[in-house]
Every structure is written in C-alpha cells, then in structure tokens.
Amino acid sequence: MDFDRVREKLNILADAAKYDVSCASSGSDRTNKTKGLGNASKMGICHSYTEDGRCISLLKILLTNHCIYDCAYCVTRKSNDIQRAAFKIQEVVDLTINFYRRNYIEGLFLSSGIFKNADYTMERLVAVAKKLREEENFNGYIHLKSIPGASDELMYEAGLYADRLSVNIEVPTISGLKLLAPDKKHEDFTKPMLKVKNEIVRYQAERKIIKSTPKYAPAGQSTQMIVGASGETDKDIMYSATYYYKTYQMKRVYYSGYVPIADDARLPAIGSQVPMLRENRLYQTDWLLRFYGFAVNEILNHEHPNLDMEVDPKLSWALRNLHHFPVDVNTADKRLLARIPGIGMQSVQKIMDARKFRRLNWDHLKKIGVALNRAQYFMVCDSRHWERRDLDAEKIKGMILQTSSGQFRNQYSTQLSLFN
Amino acid sequence: MNASTTLIYDSSFNGFLTAVFVAFDEKISVADIQKNGRCQNGLFSETETIFTHVEKAKRVWNGIRNKSHNAISNVYFAFLSETEGVEMLLFDYIQKLMRTQNGKYLDYSDSTVLHISQLARKVGREKHRMEAFVRFQLTKDNIYFANIEPDFDVLPLISKHFRDRYADQQWLIYDVKRKYGIYYNLDHVEMVSLNLKDIHHNKIHKSDAFVNGEYEYQTLWNDYFKSTGILSRINPKLHTQHVPKRYWKYLSEKKEAV
C-alpha cells in the first residue's frame, strides 16, 4: 500500500462523501458461517460519532469524485473547481478489510461521481462488492449507491452482493429537479429503485418455498432528500417520502439539511444557517408515520403545509385535536396511548404491561419515564389530580414552552430578550 | 421466629445462584447476600458461607429461564452491573418471579422490577458501547489486541459477538480495570490474565509491540474521522453525549483531544 497516496485520496473522497447522511448498518442478518471475516449485527453498531454528532458506522467514501453531471446542490459537480481523485478497486478493498479487522467500522458505504456513463460507474461499484464477498470472504455490511440510469442487469447483480442499495432523489419535487439538476430525469432515479424493489419481492417469495435462496439486498433500499435547497414545503417533503415508502418499500428516507456549498442564485447563499431544527422536525414526523400509526395528512395538510418549529409534531397535532383528550392511561388502547404527547413507544409498552397489575398513578408514570411536562395536559390516571381547567391550545402550548428548554429555542423565540 | 441469615458467596455469578438455591432449599430468611471479603455482619443475623456448586446454580438458572427468557437475561445483566446491594434486589426479584403463574412478570409499577430492568438496560448499553469502542491494534505476534475499561463487567457478554465476527483472526480484549481478558485462538475463546506492563492508550508515543503498518492505519482512520464531519453543523454536546469522555483515551480518533 502506498500510504501517502492512499491518505491523500481518502481525505478527498471521504470529504466528498460526507453529505450523504445515511450511515445505518442495521437490518442485515448476514452471518459468518464459514469462519470468514465479519458478521452483520442486526441492530447495527455506531463505532464512533463525528463532531457534529452523527453516527460513524461505515467507511463512507466515493470511488471517484470525477463527475459528468452539473447538479447545483452537489459539491462534486462538473463545474466546481476542486481536487479530483479516484480509488483503485483494490485500494478500497484493502482499506475496508483493514478498518474492519480493527473494529473501526461495520462495513463499506460506497458511492461515486459518475464518470463516462452510469453503467460504467455502476460496474465498478459492483466489482468492489464482489471482490469483498468472494475473494475476502467478507460478511460485513455493504451499502452501494445505485447510480441513476444504471441498467437492470447491473442493479440485479448489485443486490446479490450488497446489503443495502440507495438512490438519493435529493430534490423532493420534479420542478425543483428541473431547476437544480437539469441533466437528470426523474425516471433515471426511479428505474433502479423499481428494479431492486421487484427483485427483493421476488427473492422473498422464493425464500418461502426454498429456504436456501441466496440473500438479495437484505437491508432493503433507502433514499435521501435535501431540505431547504429548493423552497419546498414540509408537506411536499413528507408526501413524497410517504410515496417512496409505499411505492418502493423503502426501509428509510433520510432528510438532510442543505449545507450551502456554492454561490448560485438558485440556492441559499454560503454561510446561511443549516436548517437543523427543520430536519429534526421532519425526522420526528417520519417516526410518527412509521411507528406511531399516524397518517401523513393528519400532520401535514392543506391548512398546515409546514410543521410547527416551536413544538414537536405530535404535540402540535394534539393541540389541534383537543377533542380526543384527555385519555385515560389505565384503559385506553395502544393506538391512543401512542398519540399522547410525551409518551414514546417504549413507555407505551411499559404502561400496557404494568397496568395489568395495578392502576397507574402519576408517580408510576414518572418512574416509567413519561415526559409529564407535556403529557399531563392530555391524560388522566389513577389520581384525583388532573388538569381540570378548560385550557385552550395556545394556553397549553405556552405553559409547556415555559417549563421546558430547547436547543434551538433562540432561533425562533418571539420573546424579546432583555440583555442583548 | 427464625433468625435471619447473611449469606456470603465468592462473588461469582454461579456463587450467587448457589446462594439463591440454598436460600430456597433451606427456607432461610435472608438478611443479605454479600460477596466474601466485602461482608459486613448484621447485628441480629447469623452468617453462612456458600460454596459454589455448579449443579445447584444450573437448577436456579434453568428455573428462572423456564419462567421467562427475558427474566434470566435481566438477572444476569443486572448482576454484572456490580452495583452494591444488587444481590438482595435480585433475590427479591427472583422470589417475586417464582410466585407468578405464567412468568410474565412485567410489573413496571413495582420498584424492584423497574430497578432491575433499568440496571439490565444500563449494562446492555455498556455492552453495546464496548462492541463499538473496542479498537484492535495488530501486534507483532499477529494478535489483534485491545484494552478497555468498561463501567461494568461486560467481557462475558461481548465474547460471542467478537467470536462470530472475527472468526479468522486471533484477538485479545483485556479489561484493564478488572485485570482479566478474553483471548480467541482461532478455535475458542478463553479467559486470560496478563502481566501488562503499560496500558496501550492511544497516546502520541508509539509502542514497538505493534506491527509497522498499525500506526498508518490509525492515521488513515483519524483522517477519515476528521474529513467525514461537517463543520457547519458542529455540535460538541451531542458528540460527547454519544462518545463520553471516559472512553476517549482508548479511541485513536480522539487522541488529539485527550
């Protein structure tokens, strides 16, 4: 290994890959049967965290940052004047294996700029995965990027070696895509997604009949959308996320607050704030849709196209729907419990288990871990004390905000501060 | 009235289970269960020393497991937390568990049950952290070596994970605090104690116990760590919440920060 050369390439190509937020290593059940190297952990492991607090679980690099496209939001776009580099296939394999053996990573996340054409690039990505699996007997996690416009044959092969495949649609609206990435067509993104989804469905059906059917992308597909680059509403983002979850059976949709990287009139200027709070609210909404049984039009609709930045989306839904409350935690069904602000799914399960033994009061709920500062206005329990005043939504919101603190509070607070 | 008894055991998990067995078998009213060497006599209780008996321990283990798989792992995890007084808490938990019909004893409004499940969760988190924060360094004898300093005694819990994952390399994980390690010799995992001269922190100074390439890979990893962070999103509070400072000295990517 030529240490200096690899070091230089790694710095360039890891730097270019960092805007991909996905670093999940969960969901794969690939096991080490032949005394080889690696064993996927079903729950995923974060081996370290970056200084911005994101999980580092995979070696996330580009194969190359040469690219024929000129997408405005992308740091490796053709017109950007940056240092370019490309890894050899063997170099990526060596890095992955040596990092993995030292327990630095769960596996590889390989993406790439598009050089020559889509198929040529995809072929190289597949070659890396194939080499890892077949020559190195590697059972760790491999996440490959599906290159927009890659052929069905290559996508099929990719799924045989990778645990997860992803295409980043980046811009949630078709009009936004035309504006920011004029060379790319919407169909280029969806075609590989559809192929992979169909293969996953086919393999799952076959496994029911023949148990030894090989694995095909066991951790499914994911995608990513940039938030705050093309003036879209939260409704646009969440509706298109719901569409991708349903149509392509996505395992995850990621939301990435746009980090300004270019002077371009179509985009927020360099130095403007990364919309981290908005990103956070979108993830909260995503969770409500996937785990709490909410429908997207309950949270975002024509009257409410954007999420409330001051309070979380569940609380904001509850404040708009006070007629559902208060809920009695000792009798309500699971679905309803999950809708009380301040009660998470773990608390829901604990409450369901515990209330078989006795009726729960405030003290029990507090110990179980319910956030009572929010929950107290929306529930009753085995106690003579509960919120009896006829409070309206604004009042409750004010009282909750007063008794809590938030990291981003200063960004949206309408209260004037006295001392600066 | 029966005088209550303090049971003294040899601080192993089997020893504890034997104590539980004896307590049930002889219908002892237990005042306390204590580790030997750390015992303190009660004013009105007798003491009895328990000799570890694997068969007896196994019967208790199976008894709990037959009630609930969840319960046995809770008991084991909570025991490894090494919390003071955890033995009596566990004894109380096991008694309550055994009284139930179907073994589904999940009364989180009971303080013992809640406490045990919280302790087990703490240990589980530490186990998961160790699966993440172990950093192997390749020695000249071709052994991947790591030293760690976990909050709880999690080595027995992580051994399977590493055995399954690194089946084709020799590795050794050494607990600096509890002075023992686990070593995988390409066939099975065994317990070892080492005469470790110096602890291998990821200090700037390099040890000659490791192969030449070792520090190159550490450099590459540190570089990767730096270039994958996004400066305009920096959030030190969240960072230290995920990677608490007490682990930094064993993580090569944090060596400059220590």
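Buried residues make up 45% of the 420 residues in chain A. This is a predicted model. In chain B, 34% of the 258 residues count as buried.

**Chain A overall**

- Chain A holds 16 helices and ten strands.
- Its radius of gyration is 24 Å, close to the 22 Å that the globule rule gives for 420 residues, so chain A is as compact as a globular protein of that length.
- The C-alpha trace of chain A spans about 70 × 55 × 40 Å along its principal axes.
- Take the contacts in chain A between residues at least 6 apart in sequence: 70% of them join residues at least 24 apart.

**The two domains of chain A**

- Chain A is divided into domain 1, residues 3-299, and domain 2, residues 313-412.
- The centres of these two domains, taken over C-alpha atoms, are separated by 37 Å.
- Where they meet, ten residues of domain 1 of chain A are in contact with eight residues of domain 2 of chain A.
- On the domain 1 side, α8 (276-291) and α9 (296-299) of chain A each supply at least two residues.
- Helix α8(A) gives the most to that side, with six residues.
- Sorted by class, the domain 1 side has five nonpolar, three polar and two charged residues.

**Helix α10 of chain A**

- Helix α10 of chain A covers residues 313-320 and is mostly covered itself.
- How many of its eight residues are buried? The count is seven.
- The buried residues are A:P313, A:K314, A:L315, A:S316, A:W317, A:A318 and A:L319.
- What do the buried residues of α10(A) pack against? Their partners are α8, α9, α14 (372-375) and α15 (393-402) of chain A.
- Two of these partners, α8 and α9, also supply residues to the side of domain 1 of chain A that touches domain 2 of chain A.

**Chain B overall**

- Chain B has eight helices and eight strands.
- Along its principal axes, the C-alpha trace of chain B spans about 70 × 40 × 35 Å.
- Among contacts in chain B between residues at least 6 apart in sequence, those that join residues at least 24 apart make up 66%.

**The two domains of chain B**

- The domain assignment of chain B gives domain 1, residues 5-126, and domain 2, residues 134-254.
- Their centres, taken over C-alpha atoms, lie 32 Å apart.
- The contact takes five residues from domain 1 of chain B and six residues from domain 2 of chain B.
- The domain 1 side of this contact has two nonpolar, one polar and two charged residues.

**The largest nonpolar core**

- In soluble globular proteins, nonpolar side chains tend to be buried together.
- The largest nonpolar core in this model has 173 residues.
- Which residues touch the most other members? They are A:A129, A:A158 and B:A78.
- Helix α5 of chain B, residues 111-133, gives the most to this core, with eight residues.
- Leaving aside neighbours within four places in sequence, A:A129 is in contact with A:I142, A:L144, A:A158, A:Y161 and A:A162.

**Where chain A meets chain B**

- The contact between the chains takes 44 residues from chain A and 40 residues from chain B.
- The elements of chain A that give two or more residues to its side are α1 (3-17), β1 (48-49), β3 (58-62), α2 (89-101), α12 (345-354) and α13 (362-368).
- Which element gives the largest share of the chain A side? That is α1(A), with seven residues.
- By class, the chain A side has 19 nonpolar, twelve polar and 13 charged residues.

**One residue at the contact: A:D52**

- A:D52 sits in the loop between β1 and β2 (55-56) of chain A.
- Its partners in chain B are B:G229, B:I230, B:R233, B:I234 and B:N235, leaving aside neighbours within four places in sequence.
- Why does A:D52 count as partly exposed? A:D52 has 19 other C-beta atoms within 10 Å, whereas a buried residue needs 20 or more.

How values were computed:
Residues are numbered from 1 along each chain as its sequence is written. Chains are lettered from A and ligands numbered from 1 in the order in which they are written. This is a predicted model: local features need pLDDT of at least 70, side-chain atom pairs count only at pLDDT 80 or more; totals for chains, interfaces and linings use all residues. Two residues are in contact if their C-beta atoms, placed from the backbone, lie within 7 Å. Helices (H or I, at least four residues) and strands (E, at least two) are DSSP runs, numbered from the N terminus. Ala, Val, Leu, Ile, Met, Phe, Trp, Tyr, Cys and Pro count as nonpolar, Asp, Glu, Lys and Arg as charged, and the others, Gly among them, as polar. A residue is buried if 20 or more other C-beta atoms lie within 10 Å of its own, exposed if 12 or fewer, and partly exposed in between; C-beta atoms are placed from the backbone. The radius of gyration is taken over C-alpha atoms; the globule rule is 2.2 Å times the number of residues to the power 0.38. Domain bounds come from an automatic or database domain assignment. A nonpolar core is a set of buried Ala, Val, Leu, Ile, Met, Phe, Trp, Tyr and Cys residues joined through C-beta atoms within 7 Å.
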